[in-house]
Amino acid sequence: MRDDQLPAPQPHACALLSRELGEPVAGTAATQSAWLLLEQPGPWGRVAATDSRLDPALGGELDGRTAGTGVRLCLIRRPDGSNDHDPPRRRWFAASTHPLRTWLATGEVADPADLLKVDFAALDAGDRRAVAALEHTFLDTPILGICTNGRRDACCATLGRRVVVAADAVFPAGPPAPAVWEITHVGGHKFAPTGVVLPSGYLYGRLDATQAIRVLAEARHGRMVPDGCRGRSTWERPGQAAELAVRAELDEYRPGALVVASAVKTAGDPEPAWTVVVEHEDGRGYEVAVHGAYAPVPRAESCGKAEATPLELRVDAIDKIR
């Protein structure tokens, strides 16, 4: 289907409702220490690893190996219209997102089963040796994946497709590897178009073409963009919200400058709260008070799902402790 044939989102679409309700995006990113991406052209089903042109047994085995780790497996494809055939070699990426262990590796395989050679536990730990069994290159430039998995949620296709095509037109396709990709589910359909920058692991919501281009351009210059950022996937949700708040307080947008040292829950439902310590690389430390409240207006977390009241996180105070 051409971009001009994509249907407009329905008035009740989850992404439109979330935007209308002003649902905050900070602190909503999936928590993942690492990402493993495999090129798989063609259509994707709801659970893409086992419902695509990829051998479902292999997809299930790869997905199963993420169990007990913080690795997220995603399929990717190029937004250039070349998705109706299987390439003789497929691109893969592995990324570690922790500020002290941030790296991005890539390579090509003739047989997707070669990805079973990845050491998932080592990838989770941020160990570069995780991909030693594969022919690979470590990249100095980031990549951007934008979710277009319409079988998972219609908003991702109707809203995400135009954004990924626009971003791809701005950035050359390589070498060593294309920088812009369609990607399967990264979490948070209601914030579509959603995207992830790797290797930093910053996730974004409500992207438009201009913002997506800016996010990748800034990442190439060693900066993250705060606008529309949902958080760094390295951290749990309270840490994500706290880190973004400290960045805004300090006007600090270098991805490696801040680390979430701890997050202690100080209150439970119905209004949970956390004390989060965020440390700057220069030795400064900040204590951040984060609280959660369930949204007063029920809404669908994803198109077609029952209505719910999601937990929204906000920062109450930032105190310098050293």
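Q: Which two strands form a hairpin with five residues between them?
A: That's β11 and β12, with five residues between them. Keep in mind that this is a predicted model.

Q: OK. In what sense do β11 and β12 pair, and over how many bridges?
A: They pair in the antiparallel sense, over eight bridges. If you want landmarks, S262 stands opposite V277 in β12, and V259 stands opposite E279 in β12.

Q: Remind me, what do strands of a sheet pair through?
A: Backbone hydrogen bonds, in either a parallel or an antiparallel arrangement.

Q: And what's the strand order in the four-strand sheet?
A: The order is β11-β12-β13-β16, an open sheet with antiparallel pairing. The edges are β11 (258-267) and β16 (311-320); each has a single partner strand, so one side of each is left without a neighbour in the sheet. From one strand to the next, the twist averages 25 degrees.

Q: Which helix packs on that sheet?
A: Helix α6 (residues 237-250), which touches β11, β12, β13 (285-294) and β16. The direction of α6 makes about 50 degrees with that of β16.

Q: Where's E252 in all this?
A: E252 is in the loop between α6 and β11.

Q: Buried or exposed?
A: E252 is buried, with a relative accessible area of 10%.

Q: What does E252 touch, leaving out residues up to four places away in sequence?
A: R247, A257 and H280. As for P226, which is 26 residues apart from E252 along the chain, the C-alpha atoms of the two are separated by 9.7 Å.

Q: Switching topic. What's the order of the 10 strands in the open sheet with mixed pairing?
A: Reading across, it goes β5-β4-β3-β1-β2-β7-β6-β8-β9-β10. At the edges stand β5 and β10 (229-232), each with a single partner strand, so one side of each has no neighbour in the sheet.

Q: How do β6 and β7 pair?
A: Strand β6 (residues 143-147) pairs with β7 in the parallel sense, over four bridges. One thing to look for there is L144, whose bridge partner in β7 is V180.

Q: Which helix lies across β6 and β7?
A: Helix α4 (residues 154-170), running at about 165 degrees to β7.

Q: Now the aromatics. How many aromatic pairs does the structure hold?
A: Two. One is F93 with W181: the ring centres are 5.8 Å apart and the planes sit at 75 degrees, so that pair is edge-to-face.

Q: Are F93 and W181 buried or exposed?
A: F93 is buried, and W181 is buried as well.

Q: What about W103 and F138, why are they called edge-to-face?
A: Because their planes are at 85 degrees, with the ring centres 5.6 Å apart, and the cut-off for edge-to-face is over 60 degrees. This pair also links distant parts of the chain: W103 is in strand β4 (residues 103-109) and F138 in strand β5 (residues 137-138), 35 residues apart.

Q: How accessible are W103 and F138?
A: W103 is buried, with a relative accessible area of 3%. F138 is partly exposed, at 31%.

Q: Which arginine lies over the face of F138?
A: R128, at 4.6 Å from the ring centre. W181 has an arginine over its face too: R78, at 5.4 Å from the ring centre.

Key: Residues numbered from 1 in each chain as written. Predicted model: local features only at pLDDT ≥ 70, side-chain atom pairs only at ≥ 80, totals over all residues. Heavy atoms only, no water. Phe/Tyr/Trp six-rings, centres within 6.5 Å; stacked < 30°, edge-to-face > 60°. Buried < 20%, exposed > 50% of the residue type's maximum accessible area, 1.4 Å probe, protein only. Lys NZ or Arg CZ within 6 Å of the ring centre and 35° of its normal. Pairing = 2+ DSSP bridges. Contact = heavy atoms within 4.5 Å. Axes fitted to C-alpha atoms, helices over the stretch in contact; angles between N-to-C directions.
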